[in-house]
Amino acid sequence: MGQKELHASIGCEPPRKSTLACSLSRELHSKGKLSYILDGDNLRHGLNKDLGFKAEDRAENIRRVGEVAKLFSDAGLICIASLISPYRKDRDACRAMLPDASFIEVFMNMPLELCESRDAKGLYKLARAGKIKGFTGIDDPYERPLNCEIEIEQKDGVCPKPAALAGQVVSYLEEKGFLQVE
């Protein structure tokens with residue numbers, strides 16, 4: 001199999017996207033696999049600092065992340081893109097950049113109330129107060145994936161621990177042959 005990109009398409013925080021991405025990266029490292037995390041928040045401070053949250057800016061944000069992820073993938077790394085990607089067409093465009101099923105969409109399907117309760121940056125509060133416009137889940141939609149490879153949900157109202165979630169993703173990757181020695 002060719003090199004792979006893991007794109008975490010996440011609609012809300014808990015367990016936090018970045019926490020899952022870091023747990024997954026550690027798990028992959030323990031298996032001798034090189035990976036790199038493209039964190040949406042970090043990218044908005046550098047590569048994508050010129051972008052806002054309007055639909056066209058979000059599309060460009062995702063396009064840029066997809067292009068960078070493809071470069072990392074071409075270099076032989078598993079790229080974990082940890083970001084909110086609210087629109088199906090943008091996720092589909094990233095999927096189309098990569099060959100032979102190399103795009104693995106992980107959907108963290110968590111209730112909006114839970115996302116708001118764990119909002120350390122206070123962004124949901126600002127969005128509800130009208131200080132942030134175009135905020136996913138508040139005044140902008142999140143288009144649920146139609147055919148994601150992995151869906152992560154609460155179990156009996158409880159969020160699984162990040163290590164368990166990372167294990168779920170690694171199990172999928174092993175089952176599909178993504179982690180075989182090449």
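**Cores and pocket of the model**

In this predicted model, the largest nonpolar core holds 26 residues, and Leu24, Leu28, Ile150, Ile152, Val169 and Leu173 are the ones that touch the most other members. Several elements give two or more residues to this core: helices H1, H5 (112–117), H6 and H7 (162–175), along with strands E3 (78–83), E4 (103–109) and E5 (150–153).

Isoleucine 150 gives a closer look at the packing. Leaving aside residues up to four places away in sequence, Ile150 touches Ile104, Glu105, Val106 and Phe107, and also Gln168, Val169 and Tyr172. There is also a second, separate core, made up of 12 residues, with Leu43, Leu83, Cys94 and Leu98 among them.

Then there is the open space. The largest pocket takes in about 580 Å³. It is lined by 24 residues, and Asp41, Phe53, Ile84, Lys121 and Leu123 are the closest to its centre. By class, that lining splits into 9 nonpolar, 6 polar and 9 charged residues. Helices H1 (17–30), H2 (40–43), H3 (55–74) and H6 (123–128) each supply at least two residues of the lining, with the largest share, 3 residues, coming from H3.

As for annotation, an unreviewed UniProt entry lists residues 17–152 as "domain: APS kinase". That span is 44% helix and 15% strand, and its end C-alpha atoms lie 11 Å apart.

Terms used. Residues numbered from 1 in each chain as written. Predicted model: local features only at pLDDT ≥ 70, side-chain atom pairs only at ≥ 80, totals over all residues. Heavy atoms only, no water. UniProt positions renumbered as here; feature names shortened; annotations may be inferred. Helix = DSSP H or I, 4+ residues; strand = E, 2+ residues; numbered from the N terminus. 1 Å grid on protein atoms, 1.4 Å probe; cavity = no way out; pocket = protein on both sides within 12 Å on 5 of 7 lines; lining within 4 Å. Points joined across faces, edges and corners; volume = space filled by probe spheres on them. Nonpolar A, V, L, I, M, F, W, Y, C, P; charged D, E, K, R; others polar. Core = buried A, V, L, I, M, F, W, Y, C linked by side-chain atoms within 4.5 Å. Buried < 20%, exposed > 50% of the residue type's maximum accessible area, 1.4 Å probe, protein only. Contact = heavy atoms within 4.5 Å.
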